[in-house]
Amino acid sequence: MVVSIKSAREIELMRESCRLLSQVHDALGKAIRPGMSTLDIDKLGDKMIRDMGCVPNFKDYHGYPASICVSVNDEVVHGIPNKSRILQEGDIVSLDAGLIYHGYHSDAARTHAVGKISAEAEKLIAVTKQSFFEGIKMAKAGNHLYDISNAIAAYVTGFGYGIVRDLVGHGIGTSLHEDPQIPNFAQRRRGIRLQPGMTLAIEPMINMGGYEVKWLDDDWTVVTADGSLSAHYENTILITEGEPEILTLSKE
């Protein structure tokens with residue numbers, strides 16, 4: 001396993017890539033409303049990314065047909081936008097997106113309410129988001145990679161939710177997916193030692209029911225095996241000499 005350590009120049013390029021992506025996520029989050037199709041979201045995100053002079057890194061990645069992954073309710077990740085998939089009041093929708101700026105990738109995900117949602121769905125979204133922040137408390141130079149995994153798991157387990165095991169976070173840089181892989185569930189081993197200059201995409205995927213998932217016939221869309229709701233929260237972060245820097249989180 002080779003984990004890239006970014007130079008000062010590379011970190012600046014990563015910062016800008018991630019700053020632009022945070023703007024895309026902010027705009028998409030504000031645009032979501034009942035009655036719009038998942039394809040509407042994809043078109044909006046694709047246009048924003050291209051208008052910035054960037055390239056959507058999900059488009060055609062291993063054949064994925066869209067720029068924004070739009071996953072609704074029991075869809076965990078990689079939902080394919082469709083003009084006939086209309087968002088309804090009470091749905092939850094996860095948007096996973098990334099872009100390439102001067103050869104450097106960014107990656108982030110958010111789960112949003114569509115109109116008014118149930119208290120249970122609100123709690124799932126909130127716990128998933130907070131689990132990311134619990135995890136990155138351990139994302140410090142000198143700590144081990146799986147300290148992040150174990151912190152996420154320790155927080156989520158108390159709520160009785162299932163932590164997806166078939167999909168994990170990852171390193172990121174000049175490729176969308178680099179070493180190392182970063183599980184969100186508890187690990188017995190410690191993993192590599194974290195060093196300043198590492199850039200990582202930390203992304204808890206949390207199910208209201210069990211952790212098991214399955215793939216639909218399109219070979220992309222991952223859904224919960226038991227049909228329960230799922231939420232996703234992700235940011236690209238930088239390991240520094242001190243606290244981790246969250247690169248894809250806007251000042252909003």
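How many bridges join β11 and strand β12 (residues 222-224), and in which sense do they pair? Select both strands, which are DSSP runs of E at least two residues long and, like the helices (H or I, at least four residues), numbered from the N terminus: β11 and β12 pair in the antiparallel sense over 3 bridges, where two strands count as paired if DSSP finds at least two bridges between them. Within this pair, K214 stands opposite V223 in β12.

Before going on, note that this is a predicted model, in which local features need pLDDT of at least 70 and side-chain atom pairs count only at pLDDT 80 or more, while totals for chains, interfaces and linings use all residues. Residues are numbered from 1 along each chain as its sequence is written, and side-chain values use heavy atoms, with hydrogens and water left out.

Strand β14 (residues 235-238) pairs with β15 over 2 bridges, and I237 stands opposite I246 in β15.

With side chains displayed, select I148, L194, L200, I202, I237 and I239, the residues with the most contacts inside the largest nonpolar core, which has 29 residues. Such a core is a set of buried Ala, Val, Leu, Ile, Met, Phe, Trp, Tyr and Cys residues joined through side-chain atoms within 4.5 Å, buried meaning under 20% relative accessible area with a 1.4 Å probe, protein chains only. Two or more residues come from each of α3 (119-136), α4 (145-157) and β9 (199-202).

Centre on L200: leaving aside neighbours within four places in sequence, its contacts (heavy atoms within 4.5 Å) include L145, I148, H170, P180, I182 and I237.

Finally, zoom out to the whole chain, which has 4 helices and 15 strands, and in which buried residues make up 52% of the 252 residues.

How values were computed: Buried means under 20% relative accessible area, exposed over 50%, partly exposed in between (1.4 Å probe, protein chains only).
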